[in-house]
Amino acid sequence: MDRKELIKLKCDFLINGLRLNDLRKDLAMQSGWDETRAKRFLPAELKLPKEVFVQVRENPEANFRLRIIENSLVVQDRAGSIICAADFVSQPPFAFEKTSDGKMFSDIVVYNGTCNLNFTWNYFCDYFRTKTACRFCNLTPAQDFYPEENITNSFKNARQIADVIEIAKMYHADPKAILTRGTPSDKNGLGGTIQILEELQKRFGFNGHNDRTKVLFTISPTTNINDVKLMYDMGMHSVSFNFEVFDKGYWKAIVPGKDKYIGRELWENSLIEAVKYFGEGRVFSAMIAGLEPAQTLLEGVEWCAERGIIPIVVPFSPETGSQFEGFRPPTYNWMMDTTRRAADILLEKMPVVGTEDYWQNEAPICAECFTGGFLYDIVKENAGLTNYHSGHSLSKMKITGVEKDIISLN
Ligand code: SF4
């Protein structure tokens, strides 16, 4: 399979999921796994050939399944034909470390692909309390549904987050991280963010625009637009104010809390304001594909790209505990077509995302390790960029003293 075909396979996996039951039997019968362990096995991500990484969503009706054939992990289609090889994604070498207050890293951070650190540092969103939660979201109820499995759902404080990044910096001089949270009720929604920025500043420092710790903060703008500058001045590298849906009618209906407490006009103005300080390519807005017509979604992609904002397009996945539980994701054909058109718009309006320099030096996330969507896979493929991971894989080698200067970071 060439890389384009593998990106299509990634789309199918994200939309239709994967069958895992035969894999579990293989693990027990062929790989000597204890049956209980095999039954509970649920890989978070998969590495396909040619550096294509994808989230795993289990679905017993999926088109493809994982098997172990002759000691190798493979993807099979419905007819049992082997489509391609696959691999599980190993954790970075520091995954079993502890924070300074004794918390396991596994309670603080998850890893996306081989490059991205991903912190959901606060599962509380005040919009659930005020009954204005985004209708697709299960962030706060998820704590009730997965109290044991989802051990990362407790609050993570600034020092714990900085502890993880500090150790990651021993393995890569410039690690990338995404920080996500629900919207708190205090400080017009800025609560907690300031403490994290202060801790990052204290721990790692920065002098200007280009030496900031690469962290993408996924947050809500506040009711005070001057907070955008405050966050930048405090050292924030990148920010994402997520539209979720672009059409203004859908926005009111699907993200009522954002509409009620911030409002559409301020949301847009905050994004535009952010580009003034953070610059082109360091401001993001996620849109969930499959909740609104392709046309309005693509208008949103264009609106963003024309203003130097990078859209994050991810397929809708109906979550347990959300108001959209039991709904369907979009179809494979719709998702492929819409994402291709989004990639064309993005490359045309924001040519910087078609450069190796952007992904290597500017982007707060690794394109290949963004495993829940494939817009950036298509963008890089269409732009002919082949420096996968852009030198950002978390090295297996620890960087110490003098070695720090001479070790290749690839
Ligand atoms: S703002 Fe919306 S998407 Fe974000 S956590 Fe709250 S309800 Fe969920």
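**Two helices in contact**

Analyst: Residues V228, K229 and Y232 of helix α8 meet S270, E273, A274, Y277 and F278 of helix α11, where two residues are in contact if their C-beta atoms, placed from the backbone, lie within 7 Å. Helices here are DSSP runs of H or I with at least four residues, numbered from the N terminus. By class, this contact of α8 with α11 has five nonpolar, one polar and two charged residues, with Ala, Val, Leu, Ile, Met, Phe, Trp, Tyr, Cys and Pro counted as nonpolar, Asp, Glu, Lys and Arg as charged, and the others, Gly among them, as polar.

This is a predicted model, in which local features need pLDDT of at least 70 and side-chain atom pairs count only at pLDDT 80 or more, while totals for chains, interfaces and linings use all residues. Residues are numbered from 1 along each chain as its sequence is written.

As for the geometry, the axes of α8 (residues 226–233) and α11 (residues 264–278) come within 9 Å and cross at roughly 30°; axes are lines fitted to C-alpha atoms, for helices over the stretch in contact, and angles run from 0 to 180 degrees between N-to-C directions. The two helices are therefore roughly parallel to each other, a term used for angles under 35 degrees. In passing α11, α8 makes a right-handed crossing, meaning that the near helix is turned clockwise from the far one by less than a right angle.

Away from this pair, the ligand is surrounded by residues including C125, Y127 and G257, each counted as near if its C-beta atom, placed from the backbone, lies within 6 Å. The shell around the ligand has six nonpolar, three polar and no charged residues.

Notes: Parallel < 35°, antiparallel > 145°, perpendicular 65-115°, else oblique.
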